[in-house]
Amino acid sequence: MKYIVPLKIDYDKKLCKAFINSSKLDFLELEKNQKWHNNVKITDDLKKHFGEISNYLKDKILILTLFPNKQIKIHADGAGTTKDNTYNVSINFPVENCTEDTITHFWDFEDGREIKYIHHEKLGTREIIDKNLLMLKQNYVFKNKAALFRNEYPHSVSNKCKDLRLMLSWRFKPEYSWKEAIEICKDLKLI
């Protein structure tokens, strides 16, 4: 349970796909520019569909696009434009073409030391210190289950899928830590 925790959330993939379609993203342009995530304002319908957990989540959701045979290098999500709005946890919802052909890899230091970052506030990114010393620790395949995802940990994605993979990644508000997000999910009987 260090990097990812499968959740018991029953959700409607058709509703999620309709939400993605309503965002009017230009997938050809995204692929050309190698952009794999887009923040979109959450709709009341989607918020209502997911219920009480949505009270702990941000008012925007990321649409994650992974194009056929594309890879995502080691990185850590969650950088805000200030350290105060950097988030560390999300719930990731597989929507389409989430198969064994696409694997998320989690990386950590062999000695278990804390991951440290340099925050680039103007860019809204964070750089992993000593990234070249990271070791592969866990592989995870998203299929049909939502999962609590520890964004602050370095991860990469290898992909042999021949189709566009779509997921939604709904971030917890920045004030919630990984441990708090687990407790919230337990209280809501999602774990």
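Strand 4 and strand 11, residues 155-159, pair in the antiparallel sense over 2 bridges. Strands here are DSSP runs of E with at least two residues, numbered from the N terminus, and two of them pair if DSSP finds at least two bridges between them.

A quick note on the source: this is a predicted model, where local features need pLDDT of at least 70 and side-chain atom pairs count only at pLDDT 80 or more, while totals for chains, interfaces and linings use all residues. Residues are numbered from 1 along each chain as its sequence is written, and side-chain values use heavy atoms, without hydrogens and water.

How many cavities of 30 Å³ or more does the structure hold? There is 1. A cavity is a set of points on a 1 Å grid over the protein atoms alone where a 1.4 Å probe fits but cannot get out, and lining residues have an atom within 4 Å of a point. The largest cavity has a volume of about 160 Å³, the space filled by probe spheres set on the points, which are joined across faces, edges and corners. Of its 18 lining residues, those closest to the centre are Trp 36, Leu 64, Asn 92, Val 157 and Arg 165. Strand 12 gives the largest share of the lining, 4 residues.

Key:
1 Å grid on protein atoms, 1.4 Å probe; cavity = no way out; pocket = protein on both sides within 12 Å on 5 of 7 lines; lining within 4 Å.
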